[in-house]
Amino acid sequence: MDIAETARLRLRWFNADDSEFILDLLNEPSWIRFIGDKGVKTLDDARRYIQDGPIAMYSRVGFGLYAVELKPDGQLIGMCGLIKRDTLEDVDLGFALLPKFWRSGYAFEAATAVMSYGRKVLGLGRVVAILSPDNDRSSKLLEKLGFRFERAVRFQPTHEELHLYAAAARPRVMPEDSMTVEGSCHCGKVTYRAEIDPAKTSLCNCTDCQMLTGSAFRVSVPAAKEHFRLISGQPRTYIKTADSGAQRIHAFCTDCGTPIYACANIDDPPTYSLRVGCLKQRARLAPKKRIWCKSALEWAQNISAIPAVDEQ
Ligand SMILES: [Zn+2]
Ligand SMILES: [Zn+2]
């Protein structure tokens with residue numbers, strides 16, 4: 001049965017003819033490392049895995065892991081789908097591609113189709129995902145899909161600790177060129193990660209930005225609350241009250257003073273304005289607009305006119 005079609009992919013139910021592909025995929029070092037050794041060592045094992053795994057789940061709950069194939073020739077490249085485990089209350093998203101098909105956006109494309117199928121056809125609300133804590137590639141993909149880290153879980157006392165991510169019923173949809181950014185203050189105490197839309201990067205010329213940076217202007221990019229995660233350290237905050245009475249929190253490192261973000265001084269601020277200079281990916285975050293130009297320092301608007309030297 002076909003489940004979904006995207007620009008480049010088709011997702012369908014697995015069948016016994018996929019055993020050769022399953023044997024390959026389940027013995028990839030990346031599968032063994034991040035998902036685990038399923039003991040599938042022969043074609044017969046692979047047939048049994050398909051029957052007792054995906055096919056059994058289709059008949060038990062109506063969904064499962066799907067075969068992901070390239071259009072138009074039907075070449076199998078991986079699996080992606082939804083799983084209902086006895087050990088978890090929520091349905092979880094699973095995905096794995098053969099490594100030679102990584103880095104082409106296929107996993108994002110397949111997972112987006114599965115999430116949309118889960119919501120529209122199956123009527124699922126919350127969906128979770130379970131990851132090995134060192135699976136950075138997949139955690140970035142999940143953040144891009146609107147998931148966020150929720151807690152560490154352990155299915156059995158002797159098992160490895162895993163990270164549980166969750167996507168709310170209606171996540172904010174990120175554009176396809178959204179970016180995962182990693183931030184750090186100068187001394188390294190405060191670190192964080194976020195998913196941002198580079199097209200929203202702006203350069204602010206307001207006098208607050210001039211004073212709080214000790215410079216001529218500031219470049220920032222917003223991150224939605226659910227796409228911002230503090231990894232280490234707790235920034236200190238300074239509250240600034242505007243003429244209008246609106247309050248804004250400015251967060252900075254207590255040790256080195258690096259500005260980290262600003263947000264509204266309300267209970268559950270929806271966005272964090274990240275300071276681009278502290279993001280590892282800052283070279284790729286050129287501002288798309290200049291704001292508060294009425295307080296801009298005139299000399300700072302055309303710095304290419306100032307003679308330049310490589311070092312001081
Ligand atoms: Zn610091
Ligand atoms: Zn400003």
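Modeller: Let us begin with a definition: two strands pair if DSSP finds at least two bridges between them. Please keep in mind throughout that this is a predicted model.

Colleague: What makes strand E1 and strand E2 a pair?

Modeller: Strand E1 (residues 2-5) and strand E2 (residues 9-12) are joined by 3 bridges, and at least two are required, so the two strands count as paired. They run antiparallel, with alanine 4 standing opposite leucine 11 in E2, and a hairpin of 3 residues leads from E1 to E2.

Colleague: How is the protein as a whole divided?

Modeller: There is a domain 1 (2-121) and a domain 2 (179-298), and their centres, taken over C-alpha atoms, are separated by 40 Å. In secondary structure the protein comes to 6 helices and 18 strands, while its C-alpha atoms fill a box of roughly 70 × 40 × 35 Å along the principal axes.

Colleague: Which residues of the largest nonpolar core touch the most other members?

Modeller: That core has 44 residues, and those touching the most other members are Cys80, Ala110, Ala111 and Val114. The largest share of the core, 7 residues, comes from helix H4 (residues 106-120). Leaving aside residues up to four places away in sequence, cysteine 80 touches Leu11, Tyr66, Val68, Phe95, Ala110, Ala111 and Val114. A second, separate core has 27 residues, including Cys185, Ile260, Ala262 and Leu274. As general background, nonpolar side chains in soluble globular proteins tend to be buried together.

Colleague: How do you know that the span of H4 is close to the expected one?

Modeller: H4 has 15 residues and reaches 21 Å from its first C-alpha to its last, and the span expected at 1.5 Å a residue is also given as 21 Å. The buried residues of H4 are Tyr106, Ala107, Ala110, Ala111, Ala113, Val114 and Met115.

Colleague: Why are strand E14 and strand E18 said to stand at the edges?

Modeller: They belong to an open sheet of 7 strands with mixed pairing, in the order E14-E15-E16-E17-E12-E11-E18. Strand E14 (236-241) and strand E18 (289-291) each have a single partner strand, so one side of each is left without a neighbour in the sheet. From one strand to the next, the twist averages 30 degrees.

Colleague: What joins E14 to E15?

Modeller: The two run antiparallel and are joined by 6 bridges, with isoleucine 239 opposite isoleucine 249 in E15. Their hairpin has 5 residues between the strands, and glycine 245 in the turn has a positive phi of about 100 degrees. Moving along the sheet, strand E15 (residues 247-252) and strand E16 (residues 259-264) are antiparallel as well, with 5 bridges; alanine 251 has tyrosine 261 in E16 as its bridge partner, and arginine 248 stands opposite alanine 264. The hairpin of E15 and E16 has 6 residues between the strands, and glycine 257 there takes a positive phi near 80 degrees.

Colleague: Why is tryptophan 299 called exposed?

Modeller: Tryptophan 299 has 10 other C-beta atoms within 10 Å, and a residue with 12 or fewer is counted as exposed, so the word applies.

Note on methods: Residues numbered from 1 in each chain as written. Chains lettered and ligands numbered in written order. Domains from an automatic or database assignment. Helix = DSSP H or I, 4+ residues; strand = E, 2+ residues; numbered from the N terminus. Core = buried A, V, L, I, M, F, W, Y, C linked by C-beta atoms within 7 Å. Buried ≥ 20, exposed ≤ 12 C-beta atoms within 10 Å, placed from the backbone. Contact = placed C-beta atoms within 7 Å. Expected span 1.5 Å × (residues − 1). Axes fitted to C-alpha atoms, helices over the stretch in contact; angles between N-to-C directions.
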